[in-house]
Amino acid sequence: PMGDAPAAELDAVLGGDAWDVGVSLEGAPRSTGPIRLGKNVCYVVLAVLFNQEDSVLLVQEAKPECRGLWYLPAGRMERGESIVAAMRREVKEETGLECEAVTLLALEERGPAWIRFAFLARPTGGTLKTPEEADAESLQATWWPGDPRALPLRAPDILPLLDLASRYRRSPPHPPTLPRDLPCAPLCLRLLVAFANDTGDVWVLLAMAGTPHLPVVACGTSPSELRGGLRRPVLQLLGGCLPVEPPLGPLGLLGLQHQAGGPGGADGICFNVLLSIPASSPGGAPPEPRDPAFGWWQVEEGSRRGQILQRLRAAATVPIRS
């Protein structure tokens, strides 16, 4: 009965593109308010760059609390910046090099209050910062040819990111994924909740209000909601929608949208995420929603179904690390 109503939206999300969030969200949190950088959220950018000799770009920290230690170029995003522009600015300030983004490597989060965007990037120009050019941003930058653990590191949290970057360069597990320029007032997640059985049948959960669409759930702005993970509003929504709380697979990022200086100056972001509900029996169908505001749409078009299965089976998404 739904025909192909959500097909265009589904294709856009699977392709890493953006889609208008609209004003009506499912599972709205108890407390919402403007998303403001520096007020109730902190976005951090980080970049992994290699040169032609496979050396990694590292910076020596100038901040008093970690002066002299080494780290990847990173820093806080500023009001009015796009996410990629913030990454390029931090790389320029800390290393002296210009760069371009290749893909997001990982989304790291401690709830909406702190989200870090880790990029793989490539150098495009500039001159490496020397000790003589030390400033408040960094003491120097270097192309490090060996194991970074041989250096005194500011923190070991960059090591898994370096591993992700090396693996992506050898064999990309997901298509290049970069932020799309489309406004979003809240901080929210668009959910591609997929149910696939062992015979290759695929269903996608839809919100039924108006034209059937992928559900969008907003993150709240109370202190407890800001400290909770991005998975929390997803579990709240599905817990009220499905008859039993299903064992959900990990969240994987398909894409995201953000516009600098968005509606009313809000710094919202919409994350398009993929998650799966495992089948309980061979050839089974998805659990019937107990909330009539939701329904399952069987994906019958072969290419679209194949894309979803490939993304699920190969974990072909940007990892979200909580």
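Where is the place of aspartate 54? In this predicted model, aspartate 54 sits in the loop that runs between strand E1 (42-49) and strand E2 (56-60).

**View 1. A close look at aspartate 54 and its positive phi.** Here's a residue other than glycine with a positive phi, near 70°. Aspartate 54 counts as partly exposed, because its relative accessibility is 48%.

View 2. With a relative accessible area of 52%, alanine 315 is exposed.

**View 3. Domain 1 meets domain 2.** The chain splits into domain 1 (7-35 + 184-319) and domain 2 (42-170). Their C-alpha centres are 30 Å apart. Where the two touch, 22 residues of domain 1 contact 19 residues of domain 2. Together they bury about 1,500 Å², and 70% of that is on carbon and sulfur atoms. Leu226, Leu230 and Pro319 stand out: they supply 29% of the area domain 1 buries against domain 2, more than any other three residues.

**View 4. The salt bridge between aspartate 267 and arginine 79.** The closest N and O atoms of this pair are 2.9 Å apart. The count of salt bridges between the two domains is 1, and 4 residue pairs are in polar contact.

**View 5. The side of domain 1 that touches domain 2.** Helix H4 (223-227), strand E11 (252-257) and E14 each give two or more residues here. H4 gives the most, with 3 residues. By type, this side has 12 nonpolar, 6 polar and 4 charged residues.

How values were computed: Residues are numbered from 1 along each chain as its sequence is written. This is a predicted model: local features need pLDDT of at least 70, side-chain atom pairs count only at pLDDT 80 or more; totals for chains, interfaces and linings use all residues. Side-chain values use heavy atoms; hydrogens and water are left out. Helices (H or I, at least four residues) and strands (E, at least two) are DSSP runs, numbered from the N terminus. Buried means under 20% relative accessible area, exposed over 50%, partly exposed in between (1.4 Å probe, protein chains only). Domain bounds come from an automatic or database domain assignment. Contact means heavy atoms within 4.5 Å. Buried area is the accessible area (1.4 Å probe) that two parts lose on being put together, summed over both. A salt bridge is a side-chain nitrogen of Lys or Arg within 4 Å of a carboxyl oxygen of Asp or Glu. A polar contact is a pair of N or O atoms within 3.5 Å; within protein, one must be able to donate a hydrogen and the other to accept it, and residues adjacent in sequence count only if both atoms are side-chain atoms. Ala, Val, Leu, Ile, Met, Phe, Trp, Tyr, Cys and Pro count as nonpolar, Asp, Glu, Lys and Arg as charged, and the others, Gly among them, as polar.
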